[in-house]
Amino acid sequence: MTPTVYIIDDDRMARESLKWLIESASLAVKEFQSGLDFLEQVTTSMPGCILLDVRMPDINGMELHTQLKLREIELPVIIVTGHADVAMAVRAMKAGAYDLIEKPYSDSLMLELVQRAIDADSKNRRDKSYIRDIKSRAEQLTPREKEVMQFVINSTQNKIISAELGISIKTVELHRANLMNKMQAKTSTELVRLALMAKL
Amino acid sequence: MHLVSNRLGLIANIMKNSRLSIKSPYSFSFIALISALLYCDTVFSSSVDETIRIGVLAHRGNAEAKRRWLPMANYLSTQLKGYRFEIQPLDLQAIQIAAQQGTIDFTLTNPGNYTDLEARYGISRIATLQTREGSQKRVRYGAVIITRSDNKNIQKLEDLKDKRFMAVSKDAFGGFQMAWRELLDHGIDPFDDFHEVIFAGFPQDKIVLAVQNNLVDAATVRAETFAHMAQLNLIKPSDFRVLNPQLFASSPFQLSTRLYPEWPFATLKDTPLELATQVAQALFSLQENHSAAIAANIAGWTVPLDYSPVTELMQRLQIGHFAVQHETSLLAIVKRYIHWFIAAGIAVILLLALNGYITRTNHRLRETDAILREEIRQREASQNDLARYRDTLEEQVLERTQDLRITNQALEKSRVALRKLVEITSAPELNHQQRLQELLETGRNYFELDVAVLASIEGDQQKINTTSGNANLLPKTYGPINQRCASYLIDHSGEPLDVPDVAKYLTDDSVCNQQGWHSYLGIGVLLEGKINYTLEFAGTQTRKQQLSQWDHEILKVMAQWIADELERQMAYESQRRHETEFARVSRMSTIGEMAASLAHELNQPLTGTINYSNSCLRMLKEETPDTDKISQGLKHAVEGATMAADIIRHIRHFVQKDEALYSQIDLNQAVKNAATLISHEIQRQHVILVFELQHGLPLIEGNLIQIEQVILNFMLNSIEAMDRVKDIKHHQLLLKTQSSKQDTVKLIVIDSGHGLPENQSAKIFDTFFSTKAEGMGIGLSISRSIIEAHQGIIQARSLEKSGAEFSFELPITKTA
């Protein structure tokens, strides 16, 4: 799916003009009149970012954030506000907003911000699929191989592993080779990186 | 002076104490004492001065004689050292006695009297009076005999037989005797041949007027009296005919008689010659412009003239000493033939006695008869009198009735005008300007003048306020007819300036003349310590006379009412200004409170415009720009900018300094404008706005911004009320307009808040009453002032279920 910018604003003029601006940068745009409309349609498989007007009649920015989190939707949210102040910015960032932009904004700043958010989202999505991949690799490990992997991650020597598990060094070496193969890690250092990433 | 009054007091006391004994043999000594006390003044003040008395013929009374000649006596006193001259006004008889007894030293009398005294007591003239006529000095005078020029029956003196004739008195020289002589010469004896001779006394003017008014057929007066009256336009010479005209090169007047020398100043026989000479010299040297000469109305004194023409006249008339001579000669005859007279007398007496005896009885009978006749005659006379009285009474009643009717008519007219004025000043349907207009119009009609102008005077600035009447006759730009009249009116506060004939009053080329006004009526309208106004009326015709006192009073009343009206209007305007300013300040604060919301409101379309414009710029940089799309984007950009401009316009319109101008307002439009201004606030507060506007609402007359302000205040008030109700997520605000049968339109705002605090729906429009933590509570009180200024009704009430209803009702514009 191509990354899409989701504009949520009840003001037609603001919404449509923003759509024009973002489309002029050759980005896909989807408009929503209200946060509730968006929540009805949103899925996890929609890449891109959200441009959210902070003043909404039915559901405000903070509430929307909570709802999105519940739905495990991690689209970066850019808050668009008419009058930003420090307190509001802090509240927004604490609530997990990606960034905050004040009206009237310069087009380049808006586009840059949108682009960064999209990039962040796609990186996020890439990271997540990699982790899912690592995790599925880890699924293929036998329980003994998983035990050995933990020792390898902690840089424990084979001799100590055999002593700890009460198995021969030869057996340890075999398990190690198998799990390295299943995890597609060439070196123990790489394995450590994969394990840290997937929080194995 | 003090001495004199003391002395007079003393005399008064003596008189009072001795009142009972005034007729006692001592009264003479009292008088002597009084005289001594009075005259000792001279003795005390200047022991050397000798008193010289001038006996003056007081033919016009003592006071006049003193007034005329006292300065002359004073003049002589100053000229002759050691003498104090006194004037003794005397009548003909008294002057005769004084001359005989020598109680006077000099005399000043008419020529006839002079020649008489000269013949009898040897007085002698030392100077003759001079008068001035134009450039000429005159020492002789004459008289005219006049009749009305339209009296065809009297052409010459002979025609005066059996006519009524008027003169000053039998003793008046110029005032009768001169004419008498001429009449005698023409065979007319005034005392036998005239139907009636009336001696009217002084002044002689009334004699001339008596002829003019046909009270007598002819009369005689001094020639210059007649001439002076003509000069002063008191009479028209052409109305009169001068009988027996005489021509004298030396007289500038028309004359009917010979000329006679003027009054002489004469010395008595026993007056020292030296004193007489000194007096004569002093008199001759009297200058014409000296106060003594002016007081005496003479041009001075000249050497004594020949008075023989006067003597001749006296002789001809057999008056004065000639009358005495005639008497004396008769006596002489009687003396000579006395025994004849006695014999004839006795014979006559005997005959008479006999005759008397015979006729006694007859006489008695006749007497009785006469008494009866007399009684009858008297009764008839009284009956006639009664009839005459009745007739005159009827006449008088008629006259009085007529007078009363005229007065009543005038009063009725005034009463009607006054009532009209009262009606105008208390008519509620008239506005200020109409009221002034009507007042002027009524005044103009009442005074029957063509134009009326009310103008303000500030320093030299004259500005027309209101006018009434023919536009062609009105001054175009500035006020009263001229500066002179304006100043007069302001200086004579409240006193009318009534000019029946402008040409006689104003000689300059004033507006008055330029406008073709011929009569004028003005009055100052004074406002306490403020601008002054003038109220003026003018007409194209001159008036015969000034208006009556009553009309002036009406004018004053008008001026007062106009002043009241102007003051009331000033007070009203200043109150309106204050209210308007207060309303504006309140709007400013409302806008201030809404600033955040309005900024957002403005930001939306501006952001949109920027976005569209930037997008279009970006698209233009592409290799093949999509022009359709770009133009569409620019259209959107324009739309946004227009929207922003609209919002700014609304705000500016709302906070502008309105000139308190009233216009025709569509209430629905006002509702829409207010809603636009507040739309974001409504959005922010999650309020749903519902309109129920009646189509084709009649227009109302009012101040659009202020009406919008009231609607906005209602809405803001409701929004805030609803904001305090947290449990309802979606509030509703209903805006409703409707027209009623009572010629009004109504706006109703219904919210879904908690309603009004109990028992406070009446107080809610009071200033500074607020149930809110913030806010001054001005909004609703301003709203009440505004609606009341628009003659409307404002109301607030709690609704039964929930929420409150605010409403106002305004009268619709009356279609004329």
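**The interface of chain B and chain A**

Mentor: Eight residue pairs, both members at pLDDT 80 or more, are in polar contact across the interface of chain B and chain A. A polar contact here is a pair of N or O atoms within 3.5 Å; within protein, one must be able to donate a hydrogen and the other to accept it, and residues adjacent in sequence count only if both atoms are side-chain atoms. The model is predicted, with local features needing pLDDT of at least 70 and side-chain atom pairs counting only at pLDDT 80 or more, while totals for chains, interfaces and linings use all residues. Residues are numbered from 1 along each chain as its sequence is written, chains are lettered from A and ligands numbered from 1 in the order in which they are written, and side-chain values use heavy atoms, with hydrogens and water left out.

The side of chain B that touches chain A draws at least two residues from each of three helices of chain B: H20 (595–620), H21 (627–655) and H22 (667–684). Helices (H or I, at least four residues) and strands (E, at least two) are DSSP runs, numbered from the N terminus. H20(B) gives the largest share of this side, 13 residues. By type, the side holds five nonpolar, 15 polar and five charged residues. In this scheme Ala, Val, Leu, Ile, Met, Phe, Trp, Tyr, Cys and Pro are nonpolar, Asp, Glu, Lys and Arg are charged, and the others, Gly among them, are polar.

In total, 25 residues of chain B are in contact (heavy atoms within 4.5 Å) with 25 residues of chain A. The size of an interface is often given as the accessible area lost when the parts come together. Here the area buried between the two chains is about 2200 Å², and carbon and sulfur atoms give 53% of that. Buried area is the accessible area (1.4 Å probe) that two parts lose on being put together, summed over both.

The rule also finds three salt bridges across this interface. A salt bridge is a side-chain nitrogen of Lys or Arg within 4 Å of a carboxyl oxygen of Asp or Glu. Asp107(A) forms a salt bridge with Arg618(B), with 2.6 Å between the closest N and O atoms.

For context, the count over all chains comes to 44 salt bridges. One pair within chain A is Glu31(A) with Lys19(A), whose closest N and O atoms are 3.5 Å apart. This pair links distant parts of the chain: Glu31(A) is in strand S2 (residues 28–32) and Lys19(A) in helix H1 (residues 12–24), 12 residues apart.

Two backbone details of chain B complete the picture. A cis peptide bond, with omega about -10°, joins Phe202(B) and Pro203(B). Pro203(B) is in the loop between strand S9 (196–199) and helix H8 (205–212). Asn244(B), a residue other than glycine, has a positive phi near 50°. Asn244(B) lies in the loop between strand S11 (240–243) and strand S12 (260–261).
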